[in-house]
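I opened my notebook today to look around a new protein model.

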Amino acid sequence: IKGKAKKAAKAGAPVEKAAVLGAGIMGGGIAYQSAAKGTPIVMKDIADSALDLGLTTAAGLLTKQVERGRMNAKKMAGVLNNITPTLSYDSLKDVDVVVEAVVENPKVKGIVLAEVEGVTGDDAILASNTSTISIDLLAESVKRKDKFCGMHFFNPVHKMPLVEVIRGKETSDETVAAVVAYAAKMGKSPIVVNDCPGFYVNRVLFPYFAGFSHLVKEGADFTAVDKVMEKQFGWPMGPAYLLDVVGIDTADHCTGVMSAGFPTRMQKIDNDPVSILFGDDRYGQKNGKGFYDYG
Ligand code: NAD
C-alpha cells in the first residue's frame, strides 16, 4: 500500500484480536486470512454446519500450502488454532474489530450489528462487509457511529488483494486508520472510499457490465465478446465469465442497487440478459449454470 493509506496504516491502532460474523463464503475467507496473517479471530455464525464449512475451507487452503511446501504441518495447526468457531457472542467481549459478513439483508445486518455492539467493549470497531448496502444506513443500527465503517473484501478473499474501507458520515479518522492497518496486516491493499452506491469497484464494474448487456441485446455473441477481452485486450476474463464468477443473482441485485442510486447514468435495461438468466435460475458458477455451463 502507498501514500495516504500507508500513513493511515501506520497511525491505526493495532488489531490484536478480531471477530467475524458469518462463516459463509466471505466470513470463512476473512477468518482464514486473518488467522493466516497472525491475528486470532473468533468466527461466529448461527449454524453449526456453516462453522464446519468455514473451518473445512480454511483447512483445505492450508493443506494446499503444506502440499506445495510453503508451510509445515505445525504452522498449519497454529493457523487453524487462531480461528475460534462459535455460536455465541461470549468470546467477542474483548475483540478490537468485528467484521460483519452475514447475509446481504439490511434488516438482518441491523439486528446483528446492534446485538454485537451490546457485547463488545466501548473501543471495539464494527465494520460491515456489505457489497451494496449504504454504510450510513447500517450506521443507524449502532450507537457508536464513529466506530463503524465498511470493510469490503472481494471473493475469493485469500486471492483478491483489494479491500475497500468505506467511511460513513460519522466514521472517525481513528476508526478508518485502524481498519486500514488491519487490512494491511492481513496482507491486503486497502483503499479508503466514501459511502455511495457501488463504493469504488462496483461503480466502475457495473457500468462495464451494462455496456456488455447492451451489446448482447444488440445481437453480440457473448463468447466472442469474452474472447476479445481475454485474448486480444488481455484481461484475465471477459464480462460474461466474470458475471458467472460474481454470481448472476448477486449481479442482478447489484445492478438494481446501482440503477436506483444512479438512475440517469445507470438506466435500468429492459430485458437485461443478466435478469433473464436470473429468472431462469442460472446463478453462474455457484449452481453450475450461468452464461456458460459448468460440468
Ligand atoms: P453466505 O450466504 O455464504 O454466508 C452468510 C453467512 O451468514 C451464513 O453462514 C449464515 O449462516 C450466516 N448468518 C446469517 N445470519 C446470521 C446471524 N444472525 N449471525 C451470524 N451469522 C449469520 O454469504 P457471503 O457470500 O459470505 O456474503 C456475506 C456478506 O458479504 C454479504 O453482505 C455479501 O454481500 C458480502 N460480499 C459477498 C461477496 C461474494 O462474492 N460472495 C463479495 C463481497 C462481499
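Here are my entries, one topic at a time.

**Entry 1: the overall layout**

I began by noting that this is a predicted model. I then looked up how the chain is divided, and I found domain 1 at residues 3-194 and domain 2 at residues 202-284. The C-alpha centres of domain 1 and domain 2 are 29 Å apart.

Next I turned to the UniProt record. An unreviewed entry there places "domain: 3-hydroxyacyl-CoA dehydrogenase NAD binding" at residues 17-196. I checked the make-up of residues 17-196 and got 41% helix and 21% strand, with the end C-alpha atoms 29 Å apart. The unreviewed UniProt entry also places "domain: 3-hydroxyacyl-CoA dehydrogenase C-terminal" at residues 198-294. For residues 198-294 I got 59% helix and 0% strand, and the end C-alpha atoms lie 28 Å apart.

**Entry 2: around the ligand**

Which residues come nearest to the ligand? I found 24 residues around the ligand, and G22, G24, M26, A50 and N155 come nearest. Two elements give two or more residues to this shell: α2 (25-36) and α5 (106-119). The largest share is from α2, with 3 residues. I also sorted the shell by type and wrote down 14 nonpolar, 7 polar and 3 charged residues.

**Entry 3: H152**

UniProt, in an unreviewed entry, lists H152 under "active site". I located H152 in strand β6, which covers residues 148-152. Is H152 buried or exposed? I noted 26 other C-beta atoms within 10 Å, so H152 is buried. Setting aside residues within four places in sequence, I listed the contacts of H152 as N129, S131, V163, E164, I166 and F199.

**Entry 4: F199, a partner of H152**

F199 is one of the contacts of H152, and I wanted to see where it sits. F199 lies in the loop between β8 (189-194) and α8 (201-217). It is buried because it has 22 C-beta neighbours inside 10 Å.

N271 is in the loop between α11 (248-261) and α12 (273-279). With 8 other C-beta atoms within 10 Å, N271 is exposed.

I then followed the loop between β6 and β7, where P156 is found. The peptide bond from N155 to P156 is cis, with omega near 0 degrees. Most peptide bonds are trans. N155 is also among the residues that come nearest to the ligand.

M160 is placed in the loop between β6 and β7 (162-167). How does M160 count: buried, partly exposed or exposed? It has 15 C-beta neighbours inside 10 Å, so M160 counts as partly exposed. Beyond its neighbours within four places in sequence, M160 is in contact with F154 and N155. I also looked up M160 and K188: they are 28 residues apart in sequence, and their C-alpha atoms are 7.9 Å apart in space.

**Entry 5: the nonpolar cores**

The largest nonpolar core has 57 residues, and those with the most contacts inside it are V20, A31, V97, V98 and V179. Helix α7 (residues 173-185) gives the most to this core, 9 residues. I also found a second, separate core of 18 residues, including F212, Y241, L243 and L277.

Not counting residues up to four places away in sequence, V98 touches A19, L21, L92, V116, T120, A124 and L126.

**Entry 6: Y182**

My last stop was Y182, found in helix α7. It counts as buried because it has 28 C-beta neighbours inside 10 Å. Apart from residues up to four places away in sequence, Y182 touches V15, A18 and V97. I also looked up the pair Y182 and Y200: they are 18 residues apart along the chain, and their C-alpha atoms are separated by 20 Å.

How values were computed: Residues are numbered from 1 along each chain as its sequence is written. This is a predicted model: local features need pLDDT of at least 70, side-chain atom pairs count only at pLDDT 80 or more; totals for chains, interfaces and linings use all residues. A residue is near a molecule or strand if its C-beta atom, placed from the backbone, lies within 6 Å of it. Helices (H or I, at least four residues) and strands (E, at least two) are DSSP runs, numbered from the N terminus. Ala, Val, Leu, Ile, Met, Phe, Trp, Tyr, Cys and Pro count as nonpolar, Asp, Glu, Lys and Arg as charged, and the others, Gly among them, as polar. UniProt positions are given in the numbering used here, feature names are shortened, and annotations may be inferred rather than shown by experiment. A residue is buried if 20 or more other C-beta atoms lie within 10 Å of its own, exposed if 12 or fewer, and partly exposed in between; C-beta atoms are placed from the backbone. Two residues are in contact if their C-beta atoms, placed from the backbone, lie within 7 Å. Domain bounds come from an automatic or database domain assignment. A nonpolar core is a set of buried Ala, Val, Leu, Ile, Met, Phe, Trp, Tyr and Cys residues joined through C-beta atoms within 7 Å.
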